[in-house]
Amino acid sequence: MAQNQSSAPDTSRRSERSRRAIYDAALALVAEVGYPKTTIEGIASRAGVGKQTIYRWWSSKADVLLDAFLDLSNQAAEAAGQVPYSIPDSGDLAADLKYVLRATVDELHDPAFEAPSRALAAEGLVNEELGRRFVAQLLEPQLQLYVDRLRAAQEAGGVRPDVDPRIALELFVSPLAQRWLQHTGPITYEYTDTLVDYALHGLAPR
């Protein structure tokens, strides 16, 4: 009995190391060769694990990549000391949105996030099923945080009551996404701060 108990932590640590290696391999591969050429076999080889190890935890490469991105987001939240991640509510909506969008700028400039994100975004344009899955499971939960913060601002009287928060958030999120995807301009703090200022000018009570 004692032997089984002492071996359990070792097994858990090995599983976690394997899982981490698989995440890293999946994100690196999709950045290097694109989604279509990323395979379970390639991920396994790069991670130094057997193919069956991956299939024991996931049924497809899309599932692997989805979990890898969720893990990447969780790591970023942990590094920022925000678990679970949320948009701060300091009472100053402009300051809170600028804070979060500046963190997004940093993330978009981080090669660990930027390269695989761009590869998957490009694939999502031509692979509708993949695009819908990643929007539903990765993007929408993040957008809901903006909805919640804007709704709180409405209740505090800082945003007009007739405003739809889900549409309003696109005033600053969508231009940033388009600029990043299409390389139409630099991604800077000044840019995202300006987006917030312009958007809130239109959302403020009259």
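Buried area is the accessible area (1.4 Å probe) that two parts lose on being put together, summed over both. The structure is a predicted model, in which local features need pLDDT of at least 70 and side-chain atom pairs count only at pLDDT 80 or more, while totals for chains, interfaces and linings use all residues. Residues are numbered from 1 along each chain as its sequence is written, and side-chain values use heavy atoms, with hydrogens and water left out.

The protein divides into domain 1 (11–66) and domain 2 (86–201), with bounds from an automatic or database domain assignment. Their contact (heavy atoms within 4.5 Å) takes 10 residues from domain 1 and 11 residues from domain 2. The C-alpha centres of the two domains lie 28 Å apart. Together they bury about 870 Å², 75% of it on carbon and sulfur atoms.

The count between the domains is 1 salt bridge (a side-chain nitrogen of Lys or Arg within 4 Å of a carboxyl oxygen of Asp or Glu). On the domain 1 side, α1 (2–33) and α4 (61–79) each supply at least two residues that touch domain 2. The largest share, 4 residues, comes from α4. Helices are DSSP runs (H or I, at least four residues), numbered from the N terminus.

Helix α10 (residues 189–203) has 15 residues. From first C-alpha to last it reaches 21 Å, close to the 21 Å expected at 1.5 Å a residue (1.5 Å times one less than the number of residues). Its buried residues (under 20% relative accessible area, 1.4 Å probe, protein chains only) include Tyr191, Asp193 and Leu203. The buried residues of α10 pack against α5 (93–109), α8 (165–168) and α9 (170–182).

Definitions and conventions:
Buried < 20%, exposed > 50% of the residue type's maximum accessible area, 1.4 Å probe, protein only.
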